[in-house]
Amino acid sequence: PFPLDQAQQARMRLIALAESEGYSHQQRYWMNKIIEADNTASTESSDYSRGLAASAALQLAKPIRQIYQDIQLVTPLEKNLQSKKQAMESALEAYGKAIDYHIAEVTTAATYHIGEIYHDFSISLLESQRPPGLSSDEREEYDVLLEEEAYPFEEEAIKLHESNISNIQQGIYDNWIKESIKRLAELLPARYDKSEKWVKFVKTIN
C-alpha cells in the first residue's frame with residue numbers, strides 16, 4: 001500500500017489492463033480502490049494521488065449519469081418521474097464527490113455535467129408523455145404547468161454553466177468551459193451568442 005503514489009500508479013496500470021480486456025467491472029473496482037486509498041492516506045496523500053482519485057470519481061459518475069438519462073418520462077408518468085428524480089440525485093451526488101477534490105480540470109468537467117443534468121431534466125419534463133384523454137383546454141393548462149415545473153431546472157443549469165465559465169477569471173480555460181459557453185449561447189443567446197465584429201482600420205498618411 002505504500003509508498004502511496006507508487007501504489008496508485010500500480011492501480012492505474014490495473015485499470016488500463018482491465019480496460020484493454022473489456023472488464024468494466026474491474027475498472028470500477030480499481031477506481032474505487034484509488035479513491036479509498038487516497039481517502040485513508042491522511043497526511044500521506046499527495047497532489048498526484050488526489051488527482052487520480054478525483055479523475056476516478058469523475059469516471060465513476062458517468063455510468064450513474066447514464067442510468068438517469070435512460071429513464072424516459074412516459075406512462076406510468078408518476079412512477080418514471082420518481083425514478084428519474086432519484087437517479088438524478090444519485091448522479092448529482094457522484095459528481096459532487098468529484099468536485100470535492102478541488103482539482104481544476106475535474107471540477108470544470110463535473111460542473112458542466114451537473115449543469116447538463118439540470119438542463120436535461122428541464123427538457124425531459126417539457127417533452128414528457130402527456131396523459132391520454134386530455135381536451136385541448138386541459139392539454140394547454142397541462143403544458144403551462146409543465147413549463148412552470150421545468151423553469152427552475154433550466155435556471156439552475158444556467159447558474160451552473162455560468163459558475164463554470166467564471167473560472168476563466170482564475171486563468172482556467174479548458175474544453176469543459178468551452179462547452180458551458182456553447183450551452184449558454186443556446187439558453188441565453190442575447191447574452192452569450194455574440195460574435196466579435198472586426199472593423200478594418202485604415203490610416204491615411206497625407
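Contact here means that heavy atoms lie within 4.5 Å, and helices are DSSP runs (H or I, at least four residues) numbered from the N terminus. With contact taken in that sense, the buried residues of α3 pack against α1 (4–21), α2 (24–39), α4 (77–99) and α5. This is a predicted model, in which local features need pLDDT of at least 70 and side-chain atom pairs count only at pLDDT 80 or more, while totals for chains, interfaces and linings use all residues. Residues are numbered from 1 along each chain as its sequence is written, and side-chain values use heavy atoms, with hydrogens and water left out.

- The residues of α3 that are buried (under 20% relative accessible area, with a 1.4 Å probe and protein chains only) include Ser49, Gly51, Leu52, Arg65 and Tyr68.
- Among the buried residues of α4 are Asn80, Lys84, Met88 and Tyr95, and the elements covering the buried residues of α4 include α3, α5 and α6.

- The axes of α3 and α4 (lines fitted to C-alpha atoms, for helices over the stretch in contact, with angles running from 0 to 180 degrees between N-to-C directions) are 8 Å apart, and the two helices pack at an angle of about 170°.
- That angle makes α3 roughly antiparallel to α4, a term used for angles over 145 degrees.
- On the α3 side, the residues that meet α4 include Ala57, Ala61, Ile64 and Gln69, and their partners in α4 include Ala87, Ser90, Ala91 and Ala94.
- The residues of this contact of α3 with α4 divide into 12 nonpolar, two polar and three charged, where Ala, Val, Leu, Ile, Met, Phe, Trp, Tyr, Cys and Pro count as nonpolar, Asp, Glu, Lys and Arg as charged, and the others, Gly among them, as polar.
- The axes of α3 and α5 come within 10 Å and cross at roughly 10°, and the two helices are therefore roughly parallel to each other (an angle under 35 degrees).
- This contact is made by Ala54, Ser55, Leu58, Arg65 and Tyr68 of α3, together with residues of α5 that include Val106, His113, Asp120 and Phe121.
- By class, the contact of α3 with α5 has eight nonpolar, two polar and two charged residues.

**Packing of α5 with α6**

- Helix α5 (residues 104–126) and helix α6 (residues 136–165) have axes that come within 8 Å and cross at roughly 165°, and α5 and α6 are therefore roughly antiparallel to each other.
- The contact of α5 with α6 has 11 nonpolar, eight polar and five charged residues.
- Ser122, found in helix α5, is buried, with a relative accessible area of 1%.
- Leaving aside residues up to four places away in sequence, Ser122 touches Ala150, Phe153 and Glu154.

**Loop residues**

- Asp100 is placed in the loop between α4 and α5 and is exposed (over 50% relative accessible area), with a value of 55%.
- The C-alpha atoms of Asp100 and Asp38 are separated by 13 Å, although the two residues are 62 residues apart along the chain.
- Ser166 lies in the loop between α6 and α7 (175–187) and is partly exposed (in between the buried and exposed limits), with a relative accessible area of 31%.
- Between the C-alpha atoms of Ser166 and Ile177, 11 residues apart along the chain, the separation is 8.9 Å.

How values were computed
Angles under 35 degrees count as roughly parallel, over 145 as roughly antiparallel, 65 to 115 as roughly perpendicular and the rest as oblique.
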